[in-house]
Amino acid sequence: MSGSFRCSISLSPLHSNEFPRIPVTKPRIHVPVPKPMTVALSKVVSPLRVAAPGVMIDAVGLEVDRVTEAELKENGFRSTRKTKIVCTIGPRTCEFEEIEALAVGGMNVARVNMCHGTREWHRDVIRRVRQLNEEKGFAVAVMMDTEGSEIHMDDLNDVESTKANDGQIWTFTVRAVDQPSRPERTITVNYDGFAEDVKVGDELLVDGGMVTFVVIEKIGPDVICRCTDPGLLLPRANLTFWRNGSLVRERNAMLPTISSKDWLDIDFGIEEGVDFIAVSFVKSAEVIKTLKSYIIDRSPGSQIGIIAKIESIDSLKNLEEIIQVSDGTMVARGDLGAQIPLEQVPSVQHEVIQLCRQLNKPVIVASQLLESMIEYPIPTRAEVADVSEAVGQQADALMLSSESAMGQYPEKALAVLRSVSLRIEKCRREEKHWDVTDLHIVSSSKLDEISEEICNTTSRMANKLKADAIFVYTKTGQTASLLSRNRPDCPIFAFAPSTSIQRCLNLKWGLIPFRLDFSDDMESNLNRTFSLLKARAMIKSGDLIIVVSDVMQSIQAIKVP
Ligand SMILES: Nc1ncnc2c1ncn2[C@@H]1O[C@H](COP(=O)(O)OP(=O)(O)O)[C@@H](O)[C@H]1O
Ligand SMILES: C=C(OP(=O)(O)O)C(=O)O
Ligand SMILES: [K+]
Ligand SMILES: [Mg+2]
């Protein structure tokens, strides 16, 4: 990059009835040509011009999630929830009305877990979410979560659970046992090398220790175990084995992160047009890079975001690299807690959240947030404290697993996440935690660096001026993301040209994504947006809005006329 940047700050007069000055040239930020930058500040803007004859200004030109719209009107800008919510869809929530109830309750992303169910089942769910979006005006994104090469039990003939008692002898086998003629207390294991990898004396942990066995004998493909910690065995429960207090990582640790079944599921996800693919048991950045080039190859121009799940002990030494190449990260505390000592899980969560914020990637905190609500209508106090902690750490999103997939109270669990988020976000705003000074520059080019600084400044300005909202016109979502990274006090209205970018932005903290066709003419974009939003009572005269765009590098402060 050569040449220097000229930065002119033009301060419009207080009562100017001119629209803030907008540079006539409208270069896009990625064009590597030095250009003057205008920061136009104006407190008062003239009444909007009437649209040219024949130009339709109605609500159809602007699409926003119906629930967010209602929330904005009800609670006002500042009380709009910033923390996003991912809900796992399972047998308890797979019907259209059930998914709709979750969407109404504030679900931003619907997750399907390819560990369970058939592809047909998942296809129906994904299509129902799409239908809901189209027919009822939601913008719920879909996340497909891969099974990964974890070792797990079979589906227990589809019974909900089975009890293993203290001292009981169970057989774990790699034989394909015919379901009806299966001997009692026999479990099939999905990993062929299982019987060879385990040794007599190893501890076998089901779901990270919900039930524990000790291996007492090996007979060919059968591993005979005695139950030492009794409990409930759930279908397809995860298995880890431990020797002398350490996780055994023999050939089982060499299994590919993306199995052959996962590749078929990924093809399925691409065909169904999911918004995110979450990759289980990521160990290094390589697998994410491979998957990304595979997707670009199969579906050029695809917007699918790749979420790296941090749940393997091996991922911890490569965290920064993994986060850097992914489009987002999930702290998958369930399996993570089965691979590292439980008391280390909170510090990994904290570290991942911090790193993601630095590297400008969204982060989801997942698993057991409200585990007791699978059975009970209210959470434990400890669960509320855990959710509060994740919200206080300003994670982008919280996730429900069993609570929404198969629990008794999916909507109540969602309501708890919503109310705790609102409460903690309010506390943080009141405590004035806000500071961007510790955020590193993430951009690799000078022009991107300028966008980044503009976003940092915008957020600081919005907080200082107590702006009602930040507006961002974003073609790729990048500028919106850089604003979200600053975690400003006011909501960020992100206008994106496609519904797929709109849905992807739905995972990011504080962003209220709209779909809007906008041009390179910022004046007309603003005129149109104000009219459309006012017509829907989503903004009102006198609201202070700070406007940025990736169409051109400028910041404007505008009072809605
Ligand atoms: N598609 C599905 N079909 C049947 N059961 C499911 C499905 N998705 C989720 N579940 C149930 O919900 C539970 C929680 O989901 P999740 O946390 O995603 O999986 P896991 O427990 O395997 O980590 C699962 O253990 C399973 O019992
Ligand atoms: C979210 C997780 O992954 P899954 O539910 O697919 O096991 C987890 O392990 O916490
Ligand atoms: K999974
Ligand atoms: Mg997991």
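Me: Buried means under 20% relative accessible area, exposed means over 50%, and partly exposed is in between, for a 1.4 Å probe and protein chains only. Are E311 and D335 buried or exposed?

Reply: This is a predicted model, in which local features need pLDDT of at least 70, side-chain atom pairs count only at pLDDT 80 or more, and totals for chains, interfaces and linings use all residues. Residues are numbered from 1 along each chain as its sequence is written, chains are lettered from A and ligands numbered from 1 in the order in which they are written, and side-chain values use heavy atoms, with hydrogens and water left out. On this basis, E311 and D335 are both buried.

Me: Which residues coordinate the magnesium ion (ligand 4)?

Reply: Donors are N, O and S atoms within 2.8 Å of the metal (3.2 Å for Na, K and Ca); water is not among the atoms, so sites may look incomplete. At 2.0 Å, the magnesium ion (ligand 4) is coordinated by the OE of one residue and the OD of another, namely E311 and D335.

Me: How many residues apart are E311 and D335 in the chain?

Reply: Helices (H or I, at least four residues) and strands (E, at least two) are DSSP runs, numbered from the N terminus. Both residues coordinate the magnesium ion (ligand 4). E311 belongs to the loop between β17 (305-310) and α7 (319-325), while D335 belongs to helix α8 (residues 333-339), so the pair links distant parts of the chain. Their separation is 24 residues.

Me: Which residues are the protein donors of the potassium ion (ligand 3)?

Reply: The potassium ion (ligand 3) is 5.3 Å from the magnesium ion (ligand 4). In sequence, its donor residues are spaced N-x31-D-T. The donor atoms, an OD1, an OD and an O, lie 2.7 to 3.0 Å from the ion and belong respectively to N113, D145 and T146.

Me: Do D145 and T146 count as buried or exposed?

Reply: D145 has 0% relative accessibility, so it counts as buried. T146 has 1% relative accessibility, and therefore it too counts as buried.

Me: Which residues are linked with R119 and D265 in a network of salt bridges?

Reply: The structure holds 31 salt bridges. D265 counts as buried because its relative accessibility is 1%. Linked with R119 and D265 in the network are E147, R236 and K261.

Me: How far apart are the closest N and O atoms of R175 and D222?

Reply: R175 is partly exposed, with a relative accessible area of 42%, whereas D222 counts as buried at 14% relative accessibility. The two residues form a salt bridge, and the distance between those atoms is 2.8 Å.

Me: In which helix do K426 and E430 both lie?

Reply: The side chains of K426 and E430 meet in a salt bridge, 3.2 Å from N to O. K426 counts as partly exposed at 39% relative accessibility, and E430 counts as exposed at 53%. The two are four residues apart, about one turn of the helix, and that helix is α12 (residues 410-431).

Me: Which residues touch the most other members of the largest nonpolar core?

Reply: A nonpolar core is a set of buried Ala, Val, Leu, Ile, Met, Phe, Trp, Tyr and Cys residues joined through side-chain atoms within 4.5 Å. The largest such core has 67 residues. Those touching the most other members are M107, I277, V352 and L370.

Conventions. A salt bridge is a side-chain nitrogen of Lys or Arg within 4 Å of a carboxyl oxygen of Asp or Glu.
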